[in-house]
Amino acid sequence: MKKTEFKKLLLIDDSPEIHTLLNFWLKNESIEILHASDGAEGLQIAFAVVPDIILLDVGLPVQDGFEICKIIKSKSETQLIPVIFLTGSDDTHDKIYGLNIGAADYITKPFDPGELVARIRAILRARELEQFNAELEHSVEKQTQELIKTNFKLQEEIQERKQIEEEIRKHKGHLEFLVEEKTKDLAIALDQAVAGSEAKNIFLAQMSHELRTPLNAIIGYSEILLEEVIDDGHDDYIPIVSPITNAGHNLLKIIDSILDIAHVESGKLEAVIQNIDVDELVQEVVDEIIPIISKNKNNLKINISEEVGVIRQDSEKLSKMLENLLDNAAKYTDSGDIVLTVESKMEEGSRYITFKVQDTGIGIEADKIEIIFEPFMQADNSYTRNYDGAGLGLSLVKKYVDLMKGVINVKSEVGVGSSFSICVPVFD
Ligand code: ADP
């Protein structure tokens, strides 16, 4: 419960009886009475305490009540304190004068205690309401000020945001312009690249063709020469003539690979699907590879799963892929084991064939596995490398696998060996 707040009442009167009577009449009210017997004392208390109500005798000695009231009403700290005049005179003129100079009420002696207390109460209540009103106004004013400030801040933020949006709009426009320009540049670059790539492929195809003709002649004549050397018993010429044939074959292989890659890159190459007896295909490829396998004293083991049988795929491309993988295994393995495993499997209603070539050769460093499928890239790119080849075989294999929508996997460890496996779909 709210503690009763005592109101302060200042009584300025030179008659001691009034003071006593008022104490008595107001004893049950929540009012603290401050007493002054003349105007000077009354003013002193009024300024020091600022009471809630002043009861002021009109007929005070020295300065009368009207004078005191004028002083009270002239000072900002006391001007709002309600003043009730106490007088023995019933003179209307006095009453009007008193009210005019700011009195709240006018009570004539002898007092009716009930009326006096009721008037004091009413004026205090009115004063309370006034104060409450003033506080309310003050609080509304404060909140209004806050709102104005917040509104001002909001306006500033809106302005700032608008500026940022404007900046973004400008930058966006500029960016769009840049992107457009870059896209145009890229389109031109792409066109040039396509044109360049086409020109390169045409050039390679023509060059390969132009090179092949004389190369086949060199190989043919060197073979005839070798035969004649042997027939005529000039064995000491064999080491001179046979490298011509070998070098010719190697060069032809490189030219063929370049031509094949250019062909795939042109995008014009299509798979030629036909029935393939996998056993036969493997045997033909192995026959090609046998010389190099024997040369490096490797041991070849072939495992073809029984269910493989006949498949439908592009025979030439499968042969080339297998030949490259076996050729590499034989080339990079010395006196080791090479295992070819061929399996067939069904996956989600489609049939696939897998060729896996494992060797116990030199292996490939982990960070080189990515690059070996790039044309002309070799795990060992040094001039001192001991192996033939131009770095085109795996590049071609990868391109064929992609063309056939298959996958190629490599596992390798330096000094332990490598395992290449290709898996391609086969047709019904
Ligand atoms: P290359 O004609 O050089 O053999 P490839 O494209 O066939 O070209 O192979 C690229 C490179 O990958 C080879 O130079 C070699 O470094 C590495 N490589 C391929 N197969 C093997 C393998 N079975 N063992 C070790 N290294 C291999």
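1. **Ground rules.** This is a predicted model, in which local features need pLDDT of at least 70, side-chain atom pairs count only at pLDDT 80 or more, and totals for chains, interfaces and linings use all residues. Residues are numbered from 1 along each chain as its sequence is written.

2. **How α5 is covered.** Of the 119 residues of α5, 3 are buried, namely Ile120, Asn201 and Ser208. Buried here means that 20 or more other C-beta atoms, placed from the backbone, lie within 10 Å of the residue's own. Their cover includes β1 (7–12), β3 (53–57) and α6 (238–265).

3. **Strands β7, β9 and β10.** Two strands pair if DSSP finds at least two bridges between them. β9 (337–347) runs parallel to β7 (299–304) over 6 bridges and antiparallel to β10 (350–359) over 10 bridges. Valine 339 of β9 is the bridge partner of lysine 301, and glutamine 358 in β10 is the bridge partner of valine 339. The β9–β10 hairpin has 2 residues between its strands, and glutamate 348 takes a positive phi near 50° there.

4. **The cores.** A nonpolar core is a set of buried Ala, Val, Leu, Ile, Met, Phe, Trp, Tyr and Cys residues joined through C-beta atoms within 7 Å. The largest has 33 residues, and those with the most contacts inside it include Met321, Leu325 and Val357. Helix α8 gives the most to this core, with 7 residues. Another core, of 26 residues, lies apart from it and has Leu55 and Tyr106 among its members.

5. **Around the ligand.** Which residues are closest to the ligand? They are Asn328, Gln378, Ala379, Gly389 and Gly393, out of 21 that surround it. By class, the shell has 9 nonpolar, 10 polar and 2 charged residues; Ala, Val, Leu, Ile, Met, Phe, Trp, Tyr, Cys and Pro count as nonpolar, Asp, Glu, Lys and Arg as charged, and the others, Gly among them, as polar. Helices α8 (315–331) and α9 (393–403) each supply at least two residues of this shell.

Note on methods: Near = placed C-beta within 6 Å. Helix = DSSP H or I, 4+ residues; strand = E, 2+ residues; numbered from the N terminus. Buried ≥ 20, exposed ≤ 12 C-beta atoms within 10 Å, placed from the backbone. Contact = placed C-beta atoms within 7 Å.
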